[in-house]
Amino acid sequence: MPDQLIFAMEVTLNGLMTGVMYALVALGFVLIFKASGIFNYAQGVMALFAAMTLVGIQEGRVPFAHLINEIFGTDLHYFGWEVPAFFAILLTVVVMIGFALFVQKFIFRHLVGQEPIILFMATIGLAYFLEGISDLMWGSEIRNLDVGLPQGINDAIDEATFNIFGYGFFIDNLDIWAAMIAAVLVAGLIAYSQYTKNGRAMRAVADDHQAALSVGISLNYVWVLVWSLAGIVALVAGIMWGSKSGVQFSLSLIALKALPVLMLGGFTSIPGAIVGGLIIGVGEALFEFAIGPMIGGATENWFAYVLALVFLVFRPQGLFGEKIIERV
Amino acid sequence: MFYREAGDFKTTYAEDNQTFPIAFDRYRYYAVLLIGVGVVPFVINDYWASAILIPFLIYAIAAMGLNILTGYCGQVSLGTGGFMAVGAYTSYKLMTAFPWLDMISITLLSGFMTAMVGLAFGLPSLRIKGFYLAVATLAAQFFLIWMFNKVPWFFNYSASGQISAPERSLFGIAVTGPNAEAWVKYLFCFGFVFVLAWIARNLTRGSIGRQWMAIRDMDIAAEIIGVNPLKAKLTAFAVSSFYVGIAGALLFTVYLGAVEVGSAYGIVKSFLVLFMIIIGGLGSIFGSFAGAAFMVLLPVLLRNILTGVMGWDTALATHFEFVIVGALIMFFLIVEPHGLARLWALLKDKLRLWPFPH
């Protein structure tokens, strides 16, 4: 087998793994968009905030230490204890649920019935706000996140491919774990929305707000629920990206990458988010591999958006989106 | 008392159609112009020019441009930063290739170039609508920035990849470069703002502006009553990009002087201009000015209070600034989704009756 083809296969596999990450972020978008029509730009910052909180709790940092020290002239930094990863994750989930309550009570309850574009702007405001809060609480330095996931090259795949092709593929263990966790998460979410009472309420609200309201479903409750779920998805995405490349500001920029993923998949479809993520992940990896060197590289910056743009011109509702029917 | 239509008789159609039908408004407008031209250039110093006035004027142009597209025609764009970069790089290439060209022509040509690029990226808007379009404009943003970073022709093969504005003058007075004085830069920008605002105001209340608004309010209905969506959307994209391109060119030539494209025209700038028109008011020329003033003044004010008065260190103040800006955006959207322009209109309505309650 020619070398180029083998390289291309490796690139494709790695692209698939990146695609899983994109899909994870896109998933959080879809959850909120389906239930409330809010296009949550803050999803990426939520992932950053969740990962920062997790690291902060794990290392026993004092929240708002910088602010407190500045105002009271104290010198606080650490509580002096370390929390095991499992409990830290649980505590972070509690924090994200608290955040969901805050968002619903103070912001989006007051914006019910506004135009989608106003809601979108509000989430951009929320993204700024949350980013500032995250920096104030935990500082803005790059943090290492370690919750005990295995890292480094997967020896089994390396060996197996070496025996077949005479060339060992480099696949990170972390990516494999990410793919598995994402699969479990999606399966869990689908099961939750199909078979539980809350899940049915969620789907009813997504279908028709007013009809759901009239059969006695509390919109407020469902919205807090989806924001909490989106927070948990954000935490998972944050853990994955954070263990891969450290918890830092660029984490919040993956929200932008998730947008073309959503456009490809359609804003309202969970399978769409997954498939869109994989297409974008593989597409940009292959494009950078095949064409990137000819035109200067770093094409990942824009390839996803241009692909989505071209795709949308031919199919405006995305792959799995509901057909757009316009009436006057 | 003094702010009312009563007693101000209109005897010609021209008077009836004027932009400021109330005499007090008219005099206020002349007074602002008079102060802007006759007083400010004589008292301006470097700090005021570079921290507040020039960025305010430049961002006001950008905000008017985006407001024409988003506020009047309803097409949300997140590509403002990329289009500003087109204006900046066009003016850079023109300045270095044709050293004898004067700055006004260079700036206008940059605007036209950006209008062309805007037209090209506006074409998908005929099929893609709403959010999908907003995300599609991100393609313009990221692709353009990447192109200016990677194609060396655009930055004249300079080693650093930056572009810096050479000295160019207008009527023998330096406008760009390190020797340009604050009042010259200020007046140069002021002239552009005045002319562009005048054009924008008259475009938006004319036939083409009404077509834009019809498309914004409901595009299918507009099409049925005979508005050509192709023409309306594409003109909106072209005019908007023209404004944004001029703002980008001025930001580079007059204000910054040297530019690294990723940091000066990144996605952050797109959002900044978007915030300006939301806070100022969508679909209002006055709102573009109010929003630009607000977003330029707020960080300066916060920084002065937090680091100057309270003595915090700058990193902390920056983080706090994020929290406050974010919270203010949400606050504005909750209490007044139509922005400062609506507050201004309410104030004028109250003033009309004052001092009587009804």
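Which residues in helix 11 of chain A meet residues in helix 6 of chain B? Leu256(A), Leu259(A), Pro260(A) and Met263(A) in helix 11 of chain A meet Tyr132(B), Val135(B) and Leu138(B) in helix 6 of chain B. Two residues are in contact if their C-beta atoms, placed from the backbone, lie within 7 Å. Helices (H or I, at least four residues) and strands (E, at least two) are DSSP runs, numbered from the N terminus.

This is a predicted model, in which local features need pLDDT of at least 70, side-chain atom pairs count only at pLDDT 80 or more, and totals for chains, interfaces and linings use all residues. Residues are numbered from 1 along each chain as its sequence is written, while chains are lettered from A and ligands numbered from 1 in the order in which they are written.

The axes of helix 11 (residues 254-265) of chain A and helix 6 of chain B come within 10 Å and cross at roughly 125°. Here axes are lines fitted to C-alpha atoms, for helices over the stretch in contact, and angles run from 0 to 180 degrees between N-to-C directions. Helix 11 of chain A and helix 6 of chain B are therefore oblique to each other; angles under 35 degrees count as roughly parallel, over 145 as roughly antiparallel, 65 to 115 as roughly perpendicular and the rest as oblique. Their crossing is left-handed. A crossing is left-handed if the near helix is turned anticlockwise from the far one by less than a right angle, and right-handed if clockwise. The residues of this contact divide into 7 nonpolar, no polar and no charged. In this classification, Ala, Val, Leu, Ile, Met, Phe, Trp, Tyr, Cys and Pro count as nonpolar, Asp, Glu, Lys and Arg as charged, and the others, Gly among them, as polar.

The contact between the two chains may now be considered as a whole. Chain B contributes 35 residues and chain A contributes 40 residues. On the side of chain B that touches chain A, at least two residues come from each of helix 6 (130-150), helix 9 (219-224), helix 12 (267-280) and helix 14 (314-335) of chain B. Helix 14 of chain B gives the most to this side, with 12 residues. By class, the side of chain B that touches chain A has 30 nonpolar, 2 polar and 3 charged residues.

Within chain A, helix 11 also packs against helix 2 (residues 43-59), at an angle of about 140° and with the axes 7 Å apart. Helix 2 of chain A and helix 11 of chain A are therefore oblique to each other, and helix 2 passes helix 11 in a right-handed crossing. Gln43(A), Gly44(A) and Val45(A) in helix 2 meet Ile254(A), Ala255(A) and Ala258(A) in helix 11. This contact has 4 nonpolar, 2 polar and no charged residues.

A further helix pair lies within chain B. Helix 4 (residues 80-97) and helix 10 (residues 229-256) of chain B pack at an angle of about 60°, with their axes 7 Å apart. That makes helix 4 of chain B oblique to helix 10 of chain B, and the crossing is right-handed. Among the residues of helix 4 in this contact are Phe83(B) and Gly87(B), and those of helix 10 include Gly245(B) and Phe252(B). The contact of helix 4 with helix 10 has 12 nonpolar, 8 polar and no charged residues.

Helix 10 of chain B is also part of what covers the buried residues of helix 8 of chain B, as are helix 3 (46-72), helix 7 (182-204) and helix 9 of chain B. The buried residues of helix 8 (residues 207-217) are Gly209(B), Gln211(B), Trp212(B), Ala214(B), Ile215(B) and Arg216(B). A residue is buried if 20 or more other C-beta atoms lie within 10 Å of its own, exposed if 12 or fewer, and partly exposed in between, with C-beta atoms placed from the backbone.

Single residues illustrate these classes. Ala290(B) is found in helix 13 (residues 285-309) of chain B and counts as buried, with 23 C-beta neighbours inside 10 Å. Val37(B), in helix 2 (residues 23-43) of chain B, is partly exposed, with 13 other C-beta atoms within 10 Å.
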